[in-house]
Amino acid sequence: MNWKTFFAMLARDAHVARRNLVALLLQTMLQPLLFVFIFGRVMTSSGLMPENYKSMLLPGIIGMSMVFTGIQAVAMPLIAEFQFTHEIEDRLLAPMRIEWLAVEKVLAGMLQALVAGGFVVPASWLLLGKGVALSLNQPLLFAGVLVLVALFASAGGLTLGCSVNQTQIGLMFSLLLAPMISFGCIYYPWSALSAFPVIQKLVLLNPLVYASEGLRATLAPQYGHIPLAVVMGALLAIDAALIAAGLRQFYQKAVS
Amino acid sequence: MGIGVSTKDLRKIYTSPPPMAGPAARGRMMGRKERKKFEIVALDGVSLEISPGEVFGLLGPNGAGKSTTIGILTTRVRPTGGEARIGQFDVWRQQVEAKRLIGVVQQRPNLDFALTAREILTFHGAYYGLPSAERSHRAAELLDKFQLTERANDVARNFSGGMMQRLSIARAMMHDPQVLFLDEPSTGLDPQTRLLLWEIVREYNRIGKTILLTTHNMEEADALCHRIAIIDHGRVIALDAPAALKASIPGGYLLRLHVSRSTTELVARLEAMAGVREARQNGDRIDLYADRGGPLIGPIAAAVAESGTELYDVHISEPSLENLFLHHTGRSLRQ
């Protein structure tokens, strides 16, 4: 394995991300932070939502920010570079097995997702004001969930980026990502769906559910959540499946 | 010591539209009606032996298989059959080793638009493991050589077509490859930049590098290449030095006649004229291969008039690769 080439590509992605930092943060952070402000601040201070809703909301928002940053950071450039600008060709010709370029993309996407999580925690905390009760009793488990969520985001980005046509980007957002957010247990715990048993079962197909529930289980365990072992197992399986699918799709795009 | 390139009975059949191949390759569908299966035979047994230090040209119309040949030799297209080698390395089985030896300029600009011109070169160097100091030094040198120093710190997205092409070539040379692939290098270049490109190609070749270029521009193939393979429908139909290829056309000159009504008798009569080597009839058009041009017009006009036909047009072309292609395929390169 040619690590020099691998790290040079990682350095390239870091360089580009640093150059576009402000735009990237606005693109991925603005929407979650607006949600935080409306649901966590406006609704609670007006009494429409109880004060403890803040602590319930924050883990979901962290998960959503990470997942969408990771997906966008990997998928959008890949869609453009494979189909339109062909910018990726130079890196496909570099002296390294091309599968490693996909691995590099996944790693870069994970790092961006983690950075997004790192930004959204203090920013939302500030926006939410007083009354946020998060605890970090199991830091290692929390770190484990973070890594698995970041991996899910960027491996998902790889799969989407190598499967979606440029003309279908709008559909990807409206048909796939929007329902994923709505049924991703971001604004409510999974247990809140018990009144809708069919939906409650169906949403288990949505990987975002495990991201939100896992972060909630490790940051705000006072709310009922899916058992952590189940969450970790599901995330591991989803990550493995997405990596396998993503690598296959990437290879098919790269070699004709 | 330079590195050679060889292919043996190379075949490529696309079973789905190639995602990144040249747009021309999608043109020829040979779908089997009974199964409605998508199938394009892009290469049908291409064997080439390119010597170290040679400038070799692939000449052919759009969709002939030029880009597919380059695609296979640069690891981007999986061959359906046959073998392709860069030096001693099998391109498909030893991709990384092969990729180290080659530099590639694709038909379309594919620069990294997120980077400046200088960064495009230095990051490219980094992918090939060049040390930092050498990267900066070589990048500066190449920017200067390709007259891009003034715009070195601008993002390449805003460059003109000619500048992008120059930067693409500079990038391909950044890691000092032994074999340089140029796919249609002068498409869209102004005449001045084209001359600069030719000069750079010759200079790179003088230091012992092997160069493989594709073109449908006869002048370019003639000016640059030691040898040329003419490709059509995925097969090599002629291969030799440009001068030898031109000499192989019967007579050398081509006179294309457009008449009101062409008869076998007229064609036979034209073919029997002194200086005419071969006559071919295609509807109301007659192609004469001859060893002279202008002096034949008088006798031709007389012969046509005597057969009771009207002569609309005569076009004379001197010995060229274009005529050679026409002679082999019955079609013009530009069709």
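Q: What share of the 256 residues of chain A count as buried?
A: In this predicted model, 46% of the residues of chain A count as buried.

Q: Which kinds of secondary structure does chain A hold, helices or strands?
A: Chain A has 10 helices and zero strands. Read along the sequence, the pattern is α-α-α-α-α-α-α-α-α-α. The radius of gyration is 19 Å, close to the 18 Å that the globule rule gives for 256 residues, so chain A is as compact as a globular protein of that length. Its C-alpha trace spans about 60 × 40 × 35 Å along the principal axes.

Q: How can I read one helix, say α10 of chain A?
A: Begin with its length. Helix α10 covers residues 228–254, and at 1.5 Å a residue its 27 residues should span 39 Å; the end C-alpha atoms are 38 Å apart, which agrees.

Q: Which residues of α10(A) are buried?
A: Here is the general idea to keep in mind. An α-helix has 3.6 residues a turn, so residues three or four places apart point the same way. Now look at this case: the buried residues include A:V231, A:A234, A:L235, A:D239, A:L242, A:I243 and A:G246. Further along, A:Q249, A:F250, A:K253 and A:A254 are buried as well.

Q: What do those buried residues pack against?
A: Their partners in chain A are α3 (53–85), α4 (89–92), α5 (98–128), α6 (139–161) and α9 (207–219).

Q: How do I read a strand, such as β3 of chain B?
A: Think of two faces. In a regular strand the side chains alternate between the two faces of the sheet. In β3(B), B:V55, B:G57 and B:L59 point one way, while B:F56 and B:L58 point the other way. The strand, residues 55–59, is mostly covered, with five of its five residues buried.

Q: Which strands are joined to β3(B) by bridges?
A: Five bridges join β3(B) to β8 (residues 210–215) of chain B, and these two run parallel. Four bridges join β3(B) to β9 (residues 227–232) of chain B, also a parallel pair. You can follow B:L59 to both neighbours: its bridge partner in β8(B) is B:T215, and in β9(B) it stands opposite B:I230.

Q: How many residues are in contact between chain B and chain A?
A: On the chain B side there are 28 residues, in contact with 23 residues of chain A. The elements giving two or more residues to that side of chain B are α2 (95–101) and α3 (117–127) of chain B. By type, the residues on that side divide into 15 nonpolar, six polar and seven charged.

Technical notes: Residues numbered from 1 in each chain as written. Chains lettered and ligands numbered in written order. Predicted model: local features only at pLDDT ≥ 70, side-chain atom pairs only at ≥ 80, totals over all residues. Expected span 1.5 Å × (residues − 1). Buried ≥ 20, exposed ≤ 12 C-beta atoms within 10 Å, placed from the backbone. Contact = placed C-beta atoms within 7 Å. Pairing = 2+ DSSP bridges. Rg over C-alpha atoms; globule rule 2.2 N^0.38 Å. Nonpolar A, V, L, I, M, F, W, Y, C, P; charged D, E, K, R; others polar.
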